[in-house]
Amino acid sequence: MIRLILKTKTTAVLPLHFLVLRGPFGDMKVNAGIHKFEFNEQNNESPYVPLPLPDSAECNRLLASKRINFRIIMFLAPK
């Protein structure tokens, strides 16, 4: 599960798109999918989003590894 938390207060709405990809030294297979969230004054934590793994064998390999390498790419989306 992935969750984004904005550490500072914002006075404007920040629409954000994000996706999770395999890291540079990781062997984890990930199905890329774009998720959307808007940070605002009352809501600075996104809901939990499932990590897009293709199957349970990939989940077991991820949990058994010593290091977890993946990238989170975020885009500020204009309204």
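Select Thr10 and show its neighbours: Thr10 touches Phe39, Asn40 and Glu41, leaving aside residues up to four places away in sequence. Contact here means heavy atoms within 4.5 Å. This is a predicted model, in which local features need pLDDT of at least 70 and side-chain atom pairs count only at pLDDT 80 or more, while totals for chains, interfaces and linings use all residues. Residues are numbered from 1 along each chain as its sequence is written, and side-chain values use heavy atoms, with hydrogens and water left out.

Stay on Thr10, which lies in the segment before strand 1. Its side chain reaches the backbone oxygen of Ala12 at 2.8 Å. Thr10 counts as buried because its relative accessible area is 14%; buried means under 20%, exposed over 50% and partly exposed in between, with a 1.4 Å probe and protein chains only.

Next, select Phe39 together with Phe37. A search of the whole structure finds one aromatic pair. The ring centres of Phe37 and Phe39 are 5.0 Å apart and the planes stand at 80 degrees, so the pair is edge-to-face. Rings of Phe, Tyr and Trp (its six-membered ring) pair if their centres lie within 6.5 Å; planes under 30 degrees apart count as stacked, over 60 as edge-to-face and the rest as tilted. Are these two residues, Phe37 and Phe39, buried or exposed? Phe37 is buried, at a relative accessible area of 12%, and Phe39 is buried at 6%.

Now colour the strands. Strand 1 covers residues 14–22 and runs antiparallel to strand 2, residues 35–39, with five bridges joining them. Within this pairing, Leu14 stands opposite Phe39. Which strand is joined to strand 1 by seven bridges? That is strand 3, residues 70–76, also antiparallel to strand 1. Select Arg22 to find its bridge partner in strand 3, Phe70. Two strands pair if DSSP finds at least two bridges between them. Helices (H or I, at least four residues) and strands (E, at least two) are DSSP runs, numbered from the N terminus.

Finally, zoom out to the whole protein. There are one helix and three strands, in the order β-β-α-β along the sequence. The C-alpha trace spans about 40 × 20 × 20 Å along its principal axes. Of the 79 residues, 29% count as buried. Among contacts between residues at least 6 apart in sequence, 65% join residues at least 24 apart.

Note on methods
Polar contact = N/O pair within 3.5 Å; in protein donor to acceptor, adjacent residues only side chain to side chain.
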